[in-house]
Amino acid sequence: MSEIVPPEVRPKPAVPAKPSHVGPSSTGIPSALGSQGSGVGGHGSGGGSALLGYIGIDTIIEQMRKKTMKTGFDFNIMVVGSSGLGKSTLVNTLFKSQVSRKSSGWSRDEKIPKTVEIKAVSHVIEEGGVKMKLTVIDTPGFGDQINNENCWEPISKYINEQYEKFLKEEVNIARKKRIPDTRVHCCLYFICPTGHSLRQLDTEFMKHLSRVVNIIPVIAKSDTLTVEEKNEFKQKVRKELEISGIEFYPQKEFDEDLEDKSDNDKIREAMPFAVVGSDKEYQVNGKRVLGRKTPWGVVEVENPNHCEFAQLRDFLIRSHLQDLKEVTHNIHYETYRAKRLNDNGGLHPISSATPSDTQESNL
Amino acid sequence: MSQAEKLKQGQFTNPETPGYVGFANLPNQVHRKSVKKGFEFTLMVVGESGLGKSTLINSLFLTDLYPERIIPGAAEKIERTVQIEASTVEIEERGVKLRLTVVDTPGYGDAINSQDCFSTIIAYIDDQFERYLHDESGLNRRHIVDNRVHCCFYFISPLGHGLKPLDVQFMKAIHNKVNVVPVIAKADTLTLRERERLKRRILDEIDEHGIKIYHLPDAESDEDEDFKEQTRILKASIPFAVVGSNQQIEAKGKKVRGRLYPWGVVEVENPEHNDFLKLRTMLITHMQDLQEVTQDLHYENFRSERLKRGGRLSSHGYILPLSPATVVHMKTQHLS
């Protein structure tokens, strides 16, 4: 998309007088005589109107790209679900590297923790010159006890603590050029593939946290469902989420324009994605594929007929990664910030918890 | 009993054999009487919802025990406690009648807080013992109906890494009252290696926590080799990893019961795919033994405890030595 502007061409900027042929219509009329590259459409109101030559404003994209490549960026993803749902395997499959230590697994010494723990592990992965600091936040112990009441509280507390950390940095007088971002950008919630309906725990968790973080529900280990069962289950889950008023990411209220809306509608129709994860490769029809080998066939992870992993990956990484960060920053974080500043009646962050404040700022 | 029968035939046709009395014919008579009377068997199924319990029961007995079933959504599940639902069906095969009662326990493990979910189940089991004790001690003992739970299939989720805390607690609470047979549900989620690992892990945990599951009796020394081998294979496969289905799928030219996936067909009755056949064999060949163990071990335990404690022997109104909350639970049961 970026075009390298040859350094010699530096046309004089046009005088911003209203040319006669620009009408009051709002759709961009590409009336510019721009020779190279894209012409900027004229806007109705005064000021920036049709260009009489090429300026080079579009090179800003390239400049941003270069900057991003230098600084790299952060992405924090949290995985929540009962043990054994394949969370770590899925994250490793998504990012094609061992970024998540496989959970308790088969070693006798690792037992299910008595309370929900929060374990954050960071890795720097690089692709095409772009560096990403990926932090995977695991929540072992969620939903595994006999009594799981309020097991989402440690998670909620963690998320709010990250917002608080960021707020504190932002409000500082001498603040850092680049505030380290540990806020949770995305929470993958793993639904158990019973084929019946959501469990009570699922709806309670999502109800409590969908207003605080971007939740993306996925159906785990979906190779246990046949195609019809999968479709039925998805429909039921979506209906139940709707009835409970749970808005998962991408939330309808944040669609910015029609194009967004239609893209996101398509995605919302297909969610929750039914996924299968694997880090083992097998030979199928002469190709090596990631999959699971059973006596009755090989489940191919990246085959869209077998499961929706590829869709999830494209959605999460290839199209909406930046949007996840933006919604977290512009909406969830802002909500937290507004509430915090309102509650405390001022800009000074209070270090001890006030009785009315449910979020404990103990940093 | 093919050998014994052959022996009998030989002896019966030659009554002049010295020393022949004829009581070797007794088993035949017992057999005929039992067949006429029919058999009763009560099977309880326990496990979280969505583990395929109903499908498995329907597959095992090739019937549909739950024709008008409505599966509740998450919102409706909130207020429910564990229910007990008993369905009875009379199955006949080659003149042999089986009155099968399947006791289902919907709601088990569904709530966020599953602390109390098995007190209802334990109360039900004890209640059946109590009734039998009462009938047995009564004046007219001609038609005692045996509703005691002879076997409990406990469904373990294949998704975890072994037993969950709830699994351990529940099995420990009932292993002295009923024969517990652990079953790994929806086994088509697992690759072969994962299945072996899970089985080993479960057996380790059962050992570690001192859970007493039902042990198949070793084959007698006078049984034929096939039977002995079969028993050995069965014992080695516990816990059974099963897949249930009553749908007919076309596979390799013939119709089989199975599940159709885009990547292949899981055949229910294929021993390489899952242990369904083994589970069915175990249940059928050991039905008698399961009943005996229930009578000789679990029921006797209950009876001696009960008589030690004294008190009235009426079938309602006795108090379990547990919290008063259990009595409240009993009131919400649907007893057949």
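This is a predicted model: local features need pLDDT of at least 70, side-chain atom pairs count only at pLDDT 80 or more; totals for chains, interfaces and linings use all residues.
Me: What share of the residues in chain A is buried?
Reply: Chain A contains eight helices and nine strands. Its accessible surface amounts to about 19,200 Å², with 53% of that belonging to carbon and sulfur atoms. Among the 363 residues of chain A, the buried share is 47%.

Me: In chain A, what part of the contacts with a separation of 6 or more comes from residues 24 or more positions apart?
Reply: A contact here is a pair with heavy atoms within 4.5 Å. Counting the contacts in chain A with a separation of 6 or more, the part from residues 24 or more positions apart is 66%.

Me: Is A:I60 buried, partly exposed or exposed?
Reply: A:I60 belongs to helix α1 of chain A, residues 59–71. Together with A:I61 and A:M64, A:I60 makes a nonpolar surface patch of about 280 Å². Buried would require under 20% relative accessible area and exposed over 50%. The relative accessible area of A:I60 is 45%, so A:I60 is partly exposed.

Me: Which strands are the edges of the six-stranded open sheet in chain B?
Reply: The sheet runs in the order β2-β3-β1-β4-β5-β6, with mixed pairing. An edge strand pairs on one side only, and in chain B this holds for β2 (85–93) and β6 (240–241).

Me: What angle does the direction of α5(B) make with that of β1(B)?
Reply: Helix α5(B) packs on the sheet, where it touches β1, β2 and β3 (96–104) of chain B. The angle between the directions of α5(B) and β1(B) is about 165 degrees.

Me: Which residue of β5(B) stands opposite B:F155?
Reply: Strands of a sheet can pair in a parallel or an antiparallel way, through backbone hydrogen bonds. For β4(B) and β5(B) the sense is parallel, over five bridges. The residue of β5(B) opposite B:F155 is B:V183.

Me: Which elements of chain B are among those covering the buried residues of α6(B)?
Reply: In helix α6 of chain B, residues 165–174, the buried residues are B:L166, B:D167, B:V168, B:F170, B:M171 and B:I174. Their cover includes the chain B elements β1 (39–46), α5 (119–136), β4 (151–156), β5 (180–184) and α7 (192–209).

Me: Is B:K199 buried or exposed?
Reply: B:K199 is part of helix α7 of chain B. Beyond its neighbours within four places in sequence, B:K199 contacts B:I184, B:S237, B:P239, B:A241 and B:D275. Because its relative accessible area is 8%, B:K199 is buried.

Terms used. Residues are numbered from 1 along each chain as its sequence is written. Chains are lettered from A and ligands numbered from 1 in the order in which they are written. Side-chain values use heavy atoms; hydrogens and water are left out. Patches are made of residues with over 30% relative accessible area and no salt bridge: like charges are joined within 9 Å, nonpolar side chains (Val, Leu, Ile, Met, Phe, Trp, Tyr) within 5 Å. Accessible areas come from the Shrake-Rupley method with a 1.4 Å probe; for residues, only the protein chains shown count as cover. A salt bridge is a side-chain nitrogen of Lys or Arg within 4 Å of a carboxyl oxygen of Asp or Glu. Helices (H or I, at least four residues) and strands (E, at least two) are DSSP runs, numbered from the N terminus. Buried means under 20% relative accessible area, exposed over 50%, partly exposed in between (1.4 Å probe, protein chains only). Two strands pair if DSSP finds at least two bridges between them. Axes are lines fitted to C-alpha atoms, for helices over the stretch in contact, and angles run from 0 to 180 degrees between N-to-C directions.
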